[in-house]
Amino acid sequence: MTTGFAAIPASASYRLTGARAPLCLVEAGGLGADRDGLSLIDIAVEDGRIVSILPAGTEVLQDGPALDLDGGIVLPRLVDAHVHLDKGHIWPRSPNPDGSFMGALDSVGADREANWSAQDVRARMEFGLRCAFAHGTAALRTHIDSLGKQIGISWPVVAELRAEWAGRIALQASPLFGIECALDPVHLRDLVAAVKAHGDGLFGCVTYMIPELDQALDIVFRIAIENGFDLDFHVDESNDPAARSLERIAEAALRHRFTGRILAGHCCSLALQQPEDEARIIAKVLEAGIAVVSLPMCNMYLQDRAAGRTPRWRGVTALHELKAAGVPVMIASDNTRDPFYAYGDLDLVEVLREGTRMLQLDHSGTDWSETIARTPAAIMGEEGRGVLAAGGPADLILTRARSWTELFARPQADRTVLVEGEAIDRSLPDYRELDHLMASAT
């Protein structure tokens, strides 16, 4: 059993003293912050809840157990707004032949048709959930490939896992299909029935510049309005400046006066627009109330890849400009050991570390930790998650790092994760557990 560096007192009531926490993630008054935006605090825990958050040393400790964190950073358990549990860990049997986007599409499509039984999907999804939980994830939204027979296979598995993981990870799911399928009434009939039976009020698809894009978007928005669904789109995952479906989504939202939540993922081509076009699109996104999630690790892997040529850009969206305009922004894990991204482990601390490097989030404010905590929790409707607050659960990630440079310099493999005040077993599942599913691997 691995519980990390911290020896949590064996008591229902204890204090964590001398902790540093991002001020932007703490709901308490009277706190200051250092140049990293970190506040030095004491946290009192009782019966699995946080009962107080005070400036460090404010109160003389009463007799009772306490753990001095010696300035180590404490985070709330984190929120992953965009992953693909159903694709996860198929790389050994279906690698991407050339690392390209089309190579990924083709490999996943062939693997799905050949191998995605309920048992296969369930085993790989649960493996991913175990990884995310061990790393400190509290809530997670996965996209579910929803085409043909797969609709009837995967959605009941989602519902089962959501129920089984309640109390450990809050699991959400959104359908994934190409926008052209919105023009197929039989597909939509079957998918809407599955989402209503097994989902949790989310609908969405992949958008790109087909001639019928506006017509298809109108259908998707009408379905969402009629059924009370929020929307989640994969958008413009391309280095082609002509890919502007994000703008068309914003226009559709305004056209339909849509009042639900909308999350747009990727939006890579936004970063390649001319300044005046970028500003116009961002203004429409803001007016439409759309939030944007960037997937830095996956898009660094896929975008601008060509054999024998060094990539010229990082593949990420215009996150700084979106944030400056007031658009809610976040970053997330995306794919894990599948043809779209050969690596990753659903570790949001890694995502923030690598996202900081790729997107140059440092030197541009001290509140970027909101992108894996407070902001995705709000967009996902997971109130009370992604923050430290008196009265909230003592769901925490404890580290020895005393600054962002210390946190990002190392993987924080010795972190301690608390769920309702108790340290969880952070032992990661062994990849060998999936070997029986990889019989077709060569």
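**Figure 1. Thr356 in helix H10 of the predicted model.** Helix H10 covers residues 348-359, and Thr356 lies within this helix. The relative accessible area of Thr356 is 9%, so the residue is buried; the cut-off for that class is under 20%. Beyond the neighbours within four places in sequence, Thr356 has contacts with Leu361, Asp362 and Phe408.

**Figure 2. The Tyr341 and Tyr343 ring pair.** The whole structure holds 11 aromatic pairs. In one of them, the ring centres of Tyr341 and Tyr343 are 5.5 Å apart. Their planes stand at 90°, so this pair is edge-to-face; that label needs planes over 60 degrees apart. Tyr341 has a relative accessibility of 9% and therefore counts as buried.

**Figure 3. A phenylalanine cluster.** Three residues are shown: Phe177, Phe203 and Phe229. Ring pairs link them into a cluster.

**Figure 4. Helix H6 and the elements packed against its buried residues.** Helix H6 runs through residues 245-255. Its buried residues are Ser245, Leu246, Glu247, Ile249, Ala250, Ala252 and Ala253. Glu247 belongs to this buried set, as does Ser245. Strands and helices both pack against the buried residues of H6. The strands are E11 (206-207), E12 (230-235), E13 (262-266) and E14 (290-294). The helices are H5 (213-227) and H7 (275-288).

**Figure 5. Arg257, after helix H6.** Arg257 follows H6 and has a positive phi. The value is near 50°.

**Figure 6. The whole chain, for orientation of the close-ups.** The chain contains 12 helices and 19 strands. Along the principal axes, its C-alpha trace spans about 70 × 55 × 50 Å. A compact globule of 442 residues would have a radius of gyration near 22 Å; the chain agrees, because its own value is 22 Å. Buried residues account for 57% of the 442 residues. Among contacts between residues at least 6 apart in sequence, 80% join residues at least 24 apart. The accessible surface of the chain is about 17,500 Å². Carbon and sulfur atoms contribute 51% of that surface. The chain carries 41 positive and 62 negative charges.

Terms used
Residues are numbered from 1 along each chain as its sequence is written. This is a predicted model: local features need pLDDT of at least 70, side-chain atom pairs count only at pLDDT 80 or more; totals for chains, interfaces and linings use all residues. Side-chain values use heavy atoms; hydrogens and water are left out. Helices (H or I, at least four residues) and strands (E, at least two) are DSSP runs, numbered from the N terminus. The radius of gyration is taken over C-alpha atoms; the globule rule is 2.2 Å times the number of residues to the power 0.38. Buried means under 20% relative accessible area, exposed over 50%, partly exposed in between (1.4 Å probe, protein chains only). Contact means heavy atoms within 4.5 Å. Accessible areas come from the Shrake-Rupley method with a 1.4 Å probe; for residues, only the protein chains shown count as cover. Lys and Arg count as positive and Asp and Glu as negative; His and the chain ends are not counted. The place of a charge is taken as NZ of Lys, CZ of Arg, CG of Asp or CD of Glu. Rings of Phe, Tyr and Trp (its six-membered ring) pair if their centres lie within 6.5 Å; planes under 30 degrees apart count as stacked, over 60 as edge-to-face and the rest as tilted.
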